[in-house]
Amino acid sequence: MAEPTRSGPAAAPDLAASLGRPPRVLVTGAGGPSGVCFLRALDGAAERYAADIDPLGAGLYLVPRAYRLLLPPGDDPAFARAALALCRRYAVDVLVPTVDAELVALARAADSFADAGVRVLVPGAEALETCLDKWRLAQACEGAVRVPVTRLLGPADANADRGFEGGFPAIAKPRTGSGSRGVTLVEDAAGLARLPQDGSYLVQEMLPGTEYSVDVLTDGTGRVVAAVPRARDKTDSGIVVAGRVLHAPELSALAEATVHTLGLRGVLNVQVREDRDGRPALLEVNPRPPGGLSLTVAAGVDMPRWAVAGLLGAALPDRIAHRETAVVRHWQDVVLHPRELGDMGDATESGTGAGGGAGGPR
């Protein structure tokens, strides 16, 4: 893949152009870094609604009281129906989920949202299911990009006394799940045998080099419009708090090949780490807006605005260039009246609140 032009980032689109007014955008997972990043990027460009399962979720307080909404957890069977009810109630134009557990349910309900006039920033269900299963992901991408040596653990009688072809030390992780939960270092075959051998864990070749995230934006057909690599110089609980946005064509090319192989679209994140020889290899794919998206926005690629514009029918540029930059992130306070903390107004589909009244802010 040729290196993208460095003539300068594209100006962020006017989101009011398609509808003749600012679009109504509902962002779920507003209590997490992904939701906060997306909401901040849309400030002044859209009528923002924020939803979470927790009435104390930080991103809820980036919007006025009447625009704060509650939803059930993403793995609740009622989640997609509840999200659709809120979208209808508030005449939402675009729904942006930012929590892994919500994605498949929303993708499967895509026709219902489309019938209600709601565009959902989510890939197809099959691609999502592959991304969210680390074993399926490794199998799908083998041969298309460099994938660390990977083995599924199980059953016990087949794996208990075996070594590992990727060598030790190695990394073991749950087949499903996000962040670093359950990830452990395996020093030898004995340590490998102590792990669950029921197909719920996998072991991978250890990648000791620098870790990178590549934020990717596609149009509705899956064509990659931007692939922005950033070094994860410092992280806290799996979220980057200091990093550099780089011009690194090899990393961008790996991310683009991964996206094409999996048939992904929207705003997503490909995580990469260098192996012992300094070659980048695929770690995992986050098929939704990442928590470090603000670094990419700071580098001149406003993926949230471009993604919303694309869903509303705008043509995206052939390629959006980025500039190299460094970002250090910090907490930012939202100061409220004491009575406002936890106040969601009268709108909830969480099953625990007062229930939404008819209508809402338009």
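## Exercises on a predicted model

Helix α2 (residues 79-89) is largely enclosed by the rest of the structure, because eight of its eleven residues are buried (buried means under 20% relative accessible area, with a 1.4 Å probe and protein chains only). The model is predicted, so local features need pLDDT of at least 70 and side-chain atom pairs count only at pLDDT 80 or more, whereas totals for chains, interfaces and linings use all residues. Residues are numbered from 1 along each chain as its sequence is written, and side-chain values use heavy atoms, with hydrogens and water left out.

**Exercise 1.** Identify the buried residues of α2 and the elements against which they pack.

*Solution.* Step one: helices (H or I, at least four residues) and strands (E, at least two) are DSSP runs, numbered from the N terminus. Step two: the buried residues of α2 are Phe79, Ala80, Ala82, Ala83, Leu84, Leu86, Cys87 and Arg89. Step three: these buried residues pack against β1, β3, β4, α3 (100-108) and α4 (110-115), where contact means heavy atoms within 4.5 Å. Step four: just after α2, Ala91 takes a positive phi of about 50°.

**Exercise 2.** Determine the strand order of the parallel sheet and state which strands stand at its edges.

*Solution.* Step one: two strands pair if DSSP finds at least two bridges between them. Step two: five strands form an open, parallel sheet in the order β3-β2-β1-β4-β5. Step three: β3 (68-70) and β5 (119-120) each have a single partner strand, so one side of each edge strand is left without a neighbour in the sheet. Step four: β1 (residues 24-27) and β4 (residues 94-96) run parallel and are joined by three bridges; Val27 has Val96 of β4 as its bridge partner. Step five: helix α1 (residues 33-41) lies across β1, β2 (47-52) and β4, at about 170° to β2; axes are lines fitted to C-alpha atoms, for helices over the stretch in contact, and angles run from 0 to 180 degrees between N-to-C directions.

**Exercise 3.** Describe the antiparallel sheet of four strands and the helix across it.

*Solution.* Step one: the strands form an open sheet in the order β6-β9-β7-β8, with antiparallel pairing. Step two: β6 (150-152) and β8 (184-186) stand at the edges with a single partner strand each, so one side of each has no neighbour in the sheet. Step three: from one strand to the next the twist averages 30°. Step four: five bridges pair β7 (residues 170-174) with β9 (residues 201-205) in the antiparallel sense, and Lys173 stands opposite Leu202 in β9. Step five: helix α6 (residues 134-141) lies across β6, β7 and β9, at about 135° to β6.

Conventions
Buried means under 20% relative accessible area, exposed over 50%, partly exposed in between (1.4 Å probe, protein chains only).
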